[in-house]
Amino acid sequence: MENLIALLIAAPLLGAAVLLCGGRRLDAVGHWIGTVLAAASFVVGVVLFADMLGKDPENRAMHQFLFSWIPVGGFQADVAFQLDQLSMTFVLLITGVGSLIHVYSIGYMEHDERRRRFFGYLNLFLAAMLLLVLADNYLLLYVGWEGVGLASYLLIGFWQHKPSAATAAKKAFLVNRVGDVGLSIAIMLMFTTFGTFAFGPVLEATGEATEGKLTAIALMLLLAACGKSAQVPLQSWLGDAMEGPTPVSALIHAATMVTAGVYLIVRSADIFNAAPDAQLVTTVVGAVTLLFGAIVGCAKDDIKKALAGSTMSQIGYMVLAAGLGPIGYVFAIMHLVTHGFFKAGLFLGAGSVMHGMNDEVDMRKYGGLRKYMPITFITFGLGYLAIIGFPGLSGFFSKDKIIEAAFAKGGTEGWILGGVALLGAAITAFYMTRVMLMTFFGEERWRNQPSASPAEPDVEPAAEHHGAQGEPHPHESPKVMTVPMIVLAVGSVFAGAFFSIGDRFIHWLEPVTGHAHGNPPIGAAAVTASTVAVMVLGVGLAWLQYGRRPVPVVAPRGSLLTRAARRDLYQDDFNHVVLVRGGEHLTRSLVYVDHTLVDGVVNGTAAGMGGLSGRLRRIQNGYARSYAVSMFGGAAILIAATLLMRAV
Amino acid sequence: MSASAVHSLWTTAAEPIDKIGAPDIEYGQLSPTLIVIGAAILGVLVEAFVPRRTRYHAQVFLSVVALAAAFAAVIALAAGGYATTKSGIVAMGAVAVDGPALFLQGTILLAGILGVFTFAERRLDPAAHGNRVDSFAAQAASVPGSDSEKAAVKAGFTTTEVFPLLLFAVGGMLIFPAANDLLTLFIALEVFSLPLYLLCAVARRKRLMSQEAAVKYFLLGAFASAFTLFGIALLYGYAGSVRYGTIARVVDGTVGEVTPALAGTMGNDALLLIGAAMVVMGLLFKVGAVPFHMWTPDVYQGAPTPVTGFMAAATKVAAFGALLRLLYVVLPGLRWDWRPVMWAVAIVTMLGGAIVAITQTDIKRLLAYSSIAHAGFILAGVIATTPDGVSSVLFYLGAYSFVTIGAFAVVTLVRDAGGEATHLSKWAGLGRRSPLVAAVFAVFLLAFAGIPLTSGFAGKFAVFKAAAEGGAGAIVVVGVISSAIAAFFYIRVIVLMFFSEPRPEGPTVAVPSPLTMTAIGVGVAVTLVLGVAPQYFLDLASQAGVFVR
């Protein structure tokens, strides 16, 4: 059975190879090849899952050794896989949601002439992501890590003819590199500390290393997680990444890839458990990001960017939970899975709305769409209820557990983290209600509005078939798009309850991550009650502002905070002033030093050598007599030196 | 001639000499040398009795067959275990047959075969009066520019004596690294030096320059030989023997017996140190180490280019072999005395060769200085005084000799009206005109510079590694710096060939016969094979790296 593990990766990898190398003759069937191979991977995943369920919970992990990759003395890197409950969870999420989004993309990308390539990239992403979660050592994980980075870059910049997309892709790639450096340093530190970087030996040996080293490794891993999961301070790329096609935003920049950081932290649980300082930093990063993303999400008028802010914020919750240690790991992953359902559903819904609205993304030019797109409205609405934590839906269970665990951390920290998490829940309710109201309720503000498309010179190719003139004609999307949305909506509604009843998810993951029950100081019931209360508060405030009053088509100037949030809390300005300018200054001074000092020394040496050579050359005057004198002198020195050596 | 023999001559002169035992000669183990020397003598007879028309073919055939047979004999000996388990001292203690000797003899013989190929090249120079000519003077004895010279050219004479001369030189070189006593060493030195002096003098073009080079080489060589001979005398005075093993034992103090006739000098360390320094000096002259290198550029430039290539490769192999044996077998007890001095020699040799080469404008002089720098690199391995040191030097010598012969063979191809166009400015843009020749030469230059995937890198890495492990870290640092300096002028030639505009009146590249092509082809092949997969040959060298004592 364990021999099937490689097949999980092989199927999408084959798809990527065939689609990217196959050329134009595959244009007609390329999307089907990609979708079938993604689905095949999902089927293999389900088979393995069924097999795993039949086993004793403690012995569910499977290993497959493929080949020895870099065997050099003490440095042994293998291509080997490990499939345990944690990996299994990810495999099902990645291949399941991935397959649905493949199906959705068939419709969404129908009119894009580079659709085959798009599916090739999607398959490449699936293969890399599966490699990331299936690797049994950090080095192979790093390969997958870089692979998803590459796929993400290619897909964000898929419409590379748009300068904004090309720039966004570059930005995502560069910011991710910062995190990647963290991961590579962490791997090097592991190797010097433990002499290996395979999961098993490293995690078992954490007791032997000093806390300082473990803290260093954990912080480097956290840096990596920050890059991939868009956590403060490496969060700036995620908003721009929305330049990619919407299915990409749903799959990569909401449901799967951006959660890789959470996977990394939970996978390295033993290291983090032994490094409390690093755990504290992790919780702080998570808490800051969940507020940061939520605030940004409140101010964005672009529906995808609002959702991107939300993604950042929700991953903040997961990182916070992962930083809490054994009381949080399970809930971090549980929220990750439920989030995978509802956020993918929300993005697909947003894509469906854009599809019907001539690719307009400004929510101020939406309104009252529920009549025109009933299926999109219902599925989006269910996702909305799930994310704000409406009792009984997925997000309620997973988010509530994280807030409980944050309080249960204890002490002042517990109160602060719990408070932040609660505040975040309120803001989540606020901005999601805002999105909901602005899009599906209120006046039909798109009437008598020229479509966005003619005004923007950089038209997405997918938009061209809409006859992008005049006011839009909202319409429901085709079945190939709505069916995946319905499936995801079902997941958004029931997944949380399914996981929570009888603590199923806890028992499932406990053998891998460990679990400790946390008791919040004010009681679990009180936390749940206040979570619901702040949710209602957030919804109410949003209704007061966007439901009761008409939404202006042109954004008002807004308060200082609103303006700051619209500019992503000045993150890009900060990066530009501090990093870009600073980098430019550093480069210029280094170039100056290089030109004057380094080149000076080099050229000086060369000139000096040339001069010396010219002078020495003159000794070679062509007269045998002076050669003989030189030999005689040399012999005299040789003899004298030999005698001198003895005398000394 | 051993110490006891001298003694008995003094004391038993009055007694009747009833019998002199015939010396015990192991013909089989000496066969490589005997074959070559025998063929050389046969070559002289060929010169005397074979008609002029067929001499060239007879000589080439004889030389190649003799060298190949000798090489086969070396292989047979090595396969028979004489390089390892059965190694020993033969010919009444005069010659050693062991790993280093056989390895170096094999290398010299291969260099000799390639040398014969380049000597025999007759398609490069335009035919004179309908006769194909080679690089050698029509009649070496005729005065340059005289009527007799013109007559000789018109008659289509060629100097076919170069082949027996080469064989004599090879014969001497075969004995040189195997010599196990100081007199054999000296005789071998002269046997291979004298033919080389002559060979230097017989260039067809630029004859005065060639003769000047030969005279310089001869004078300075004689000067160096005198030092060597004097050093040998002093060593005899110190040890009472010229036998390597005996001297080594006296140095170690294991022989207490004093020869009465030498009672005044034996055991006097001053004699030992001065004598050793002088013998070593003679060998350093042959390898071209600073400050005994001054002859190298002039001789390399003046000698006929095929001779230069052969001499640069084979002499270096033979002389380093002898130096290794002297330092490792005779003088290991003096290690603490000679090591610092050799350090200094190696350092000035590496730096001196590399620095002066920068401003050279003649390709042959450039290669001469390059060979000086390489002598320094090899000395770095010699100084290591470890088994790795020996094997790394063996490997380096093998690799270097093929690169050298190949490089000089390429030099013979680039010609203009005055013969070979050796001035660097004429090589500008060669890569555009003759990409293949330029590419081949670039390979050789990269090997000289020690760029990975060429034999030069593997060799340099081996000697530097041995030197570093032998505790000579400073030498390695200087070696790497010199390599960097040297890389400059090698790469400059490549840049000149490929990235400069060709000159309108530039040289042409002659199409050689298969002989030179073989020499160049083998050079390139060995350079690349030793560069890409050196391990087998490194293993071979390290198996061969044990001296018999």
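B:Arg205 counts as partly exposed, since its relative accessibility is 30%; partly exposed here lies between buried, under 20% relative accessible area, and exposed, over 50% (1.4 Å probe, protein chains only). The model is a predicted one, in which local features need pLDDT of at least 70 and side-chain atom pairs count only at pLDDT 80 or more, while totals for chains, interfaces and linings use all residues. Residues are numbered from 1 along each chain as its sequence is written, chains are lettered from A and ligands numbered from 1 in the order in which they are written, and side-chain values use heavy atoms, with hydrogens and water left out.

Side chains of opposite charge can pair when their charged atoms come close. A salt bridge is counted when a side-chain nitrogen of Lys or Arg lies within 4 Å of a carboxyl oxygen of Asp or Glu. B:Arg205 forms such a bridge with B:Asp125, and the closest N and O atoms are 2.8 Å apart. B:Arg205 sits in the loop between helix 7 (182-200) and helix 8 (207-239) of chain B, and B:Asp125 in the loop between helix 4 (99-119) and helix 5 (147-155), so the pair ties together parts that are 80 residues apart in sequence. Helices (H or I, at least four residues) and strands (E, at least two) are DSSP runs, numbered from the N terminus. B:Asp125 is buried, with a relative accessible area of 9%.

Over all chains, the count comes to 31 salt bridges. In chain A, one of them joins A:Lys171 and A:Asp572, whose closest N and O atoms are 2.8 Å apart. A:Lys171 counts as buried at 18% relative accessibility, whereas A:Asp572 is partly exposed at 28%. In chain B, the side chains of B:Lys465 and B:Glu469 meet in a salt bridge at 3.8 Å, N to O. These two residues are separated by about one helical turn, because they are 4 residues apart in helix 18 (residues 455-469) of chain B.

Turning to the interface, 25 residues of chain A are in contact with 37 residues of chain B, where contact means heavy atoms within 4.5 Å. The area buried between chain A and chain B is about 2700 Å², with 75% given by carbon and sulfur atoms. Buried area is the accessible area (1.4 Å probe) that two parts lose on being put together, summed over both. A:Met631, A:Leu638 and A:Arg646 supply 25% of the area that chain A buries against chain B, more than any other three residues. A:Arg646 also forms a salt bridge with B:Asp337, with the closest N and O atoms 2.8 Å apart.

Chain A itself has 25 helices and 2 strands, and buried residues make up 56% of its 648 residues. In helix 13 (residues 276-299) of chain A lies A:Thr283, which counts as buried at 0% relative accessibility. Not counting residues up to four places away in sequence, A:Thr283 touches A:Leu320, A:Gly323, A:Leu324 and A:Leu417.
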